[in-house]
Amino acid sequence: MPEGHTLHRLAAEHQRVFGGRPVGAGSPQGRFAAGAAEIDGRVLVAADAHGKHLLLEFDDDRVLHVHLGIYGTWRFGEPPVPEPQGAVRLRLTGAGGYADLRGPNACELLEPGGVKLLRDRLGPDPLRADADPDRAWARISRSRTSIAALLMDQSVIAGPGNIYRAEVLFRQGIDPMLPGRALSRERWSAVWADLVVLMAEGVRSGRIDTVRPEHTPEAMGRPPRVDDHGGEVYVYRRAGSPCLVCGTAVAAAELAARNLFWCPGCQPPAG
DNA sequence: TGATTATGACTAC
DNA sequence: TAGTCCTAATCAA
């Protein structure tokens, strides 16, 4: 279940397993049968990620666009290739292994023009070298919308999801309800820089760890607590538990149909 | 067996 | 804001 760091890992994995060689493609589930047939036998030229979107470019200039949504997964395996289990939308096979795609929000073939349209509607991605945080700032600094909602808007900033959103606001001591236009440029720069560091670490490790060394379980003399998502965090899904820094009970609320977590002590209003 | 939940995002009203 | 879509794991009954 993916935020942007997962997609960058997946792009690298596709490149490693399939890059530069012909790829076999099929749709055991049947829902992408026509698309898979067009990919089948093509050479994977490039694998890229922008925000939560995976882009696999084949040698006919067409690009497979996959968006996992909440449920989607890619699962890689080594030969021998087993019978598909469950609803496999797309299976890619190559000399180096295979990959099964289940439950994607989007799985489609795009022409180069379609890829440009997609990229144009995405904000800067902290994990991309070509990212320009000023583009996000231009939107945020003019917006009355809460910074919590803006950080989840992929046309403002592409890649962070609910966990990075909650955690970066905690680490920067920012009230989630603060309107974007009330955020100073300096604080936005700090948020961006923190996301770059946190998400790059996520790409490296494959999990979301946001707790600073001085607040880790070892440093604080408490038992380790790793969330289901596989990382150590300050506030995400910790509602009711004491804040690791100040002891205040972590708060939770539903905002735009998503769960929001924050520490009222460390992230006071007008902070 | 069925309800619930999830790191997302679209559309319609 | 509500409804919809996609899947699998978990937990209750």
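Trainee: How far apart do the end C-alpha atoms of residues 234–268 lie, and how much helix and strand is in the span?

Mentor: The end C-alpha atoms lie 16 Å apart. The span is 0% helix and 29% strand. Helices here are DSSP runs of H or I with at least four residues, strands are runs of E with at least two, and both are numbered from the N terminus. This is a predicted model: local features need pLDDT of at least 70, side-chain atom pairs count only at pLDDT 80 or more, and totals for chains, interfaces and linings use all residues. Residues are numbered from 1 along each chain as its sequence is written, while chains are lettered from A and ligands numbered from 1 in the order in which they are written.

Trainee: What does UniProt list for residues 234–268?

Mentor: The UniProt record gives "domain: FPG-type", from an unreviewed entry. UniProt positions are in the numbering used here, feature names are shortened, and annotations may be inferred rather than shown by experiment.

Trainee: And which residues does the "Formamidopyrimidine-DNA glycosylase catalytic" annotation cover?

Mentor: Residues 2–97, according to UniProt, again in an unreviewed entry. That span is 23% helix and 35% strand, with its end C-alpha atoms 22 Å apart.

Trainee: Switching to domains. What does the domain assignment of chain A give?

Mentor: Domain 1 is 4–120 and domain 2 is 133–262. The bounds come from an automatic or database domain assignment. Over C-alpha atoms, 29 Å separate the two centres.

Trainee: How many residues does the contact take from each domain?

Mentor: Seven from domain 1 and eight from domain 2. Contact means that C-beta atoms, placed from the backbone, lie within 7 Å. On the domain 1 side, helix α1 (residues 4–18) supplies the largest share, four residues. That side has no nonpolar, five polar and two charged residues. Ala, Val, Leu, Ile, Met, Phe, Trp, Tyr, Cys and Pro count as nonpolar, Asp, Glu, Lys and Arg as charged, and the others, Gly among them, as polar.

Trainee: Now the DNA. Which residues surround DNA strand C?

Mentor: Gln29, Gly69, Ile70, Tyr71, Gly86, Ala87, Arg89, Arg102, Gly103 and Asn105. Near means a C-beta atom, placed from the backbone, within 6 Å of the strand. This surface divides into three nonpolar, five polar and two charged residues.

Trainee: On to the sheets. In what order do β1, β5, β6 and β7 come?

Mentor: The order is β1-β6-β7-β5, an open sheet with antiparallel pairing. Strands pair if DSSP finds at least two bridges between them. β1 (24–26) and β5 are the edges with a single partner strand each, so one side of each is left without a neighbour in the sheet. The twist averages 15° from one strand to the next. Axes are lines fitted to C-alpha atoms, for helices over the stretch in contact, and angles run from 0 to 180 degrees between N-to-C directions.

Trainee: How many bridges does β7 make with β5 and β6?

Mentor: Five bridges join β5 (residues 73–77) to β7 (residues 97–102). Arg75 has Asp100 as its bridge partner in β7. β6 and β7 form a hairpin with two residues between them.

Trainee: Which strands form the other open sheet?

Mentor: Four, in the order β2-β3-β4-β8, with antiparallel pairing. Its edge strands are β2 (44–50) and β8 (106–110), each pairing on one side only. Neighbouring strands are turned by 15° on average, direction ignored.

Trainee: What are the details for β3 and β4?

Mentor: Five bridges join β3 (residues 53–58) to β4 (residues 63–67), running antiparallel. Leu56 stands opposite Leu64, while Leu55 has His65 as bridge partner. Their hairpin has four residues between the strands, and Asp61 there takes a positive phi near 70°.

Trainee: And how is β4 joined to β8?

Mentor: By five bridges, antiparallel. His67 has Ala106 as its partner in β8.

Trainee: Which strands does α1 lie across?

Mentor: β2 and β3, running at about 170° to β2. Helix α3 (residues 112–120) packs on the sheet too, touching β2, β3, β4 and β8. The direction of α3 makes about 130° with that of β8.

How values were computed. Two residues are in contact if their C-beta atoms, placed from the backbone, lie within 7 Å.
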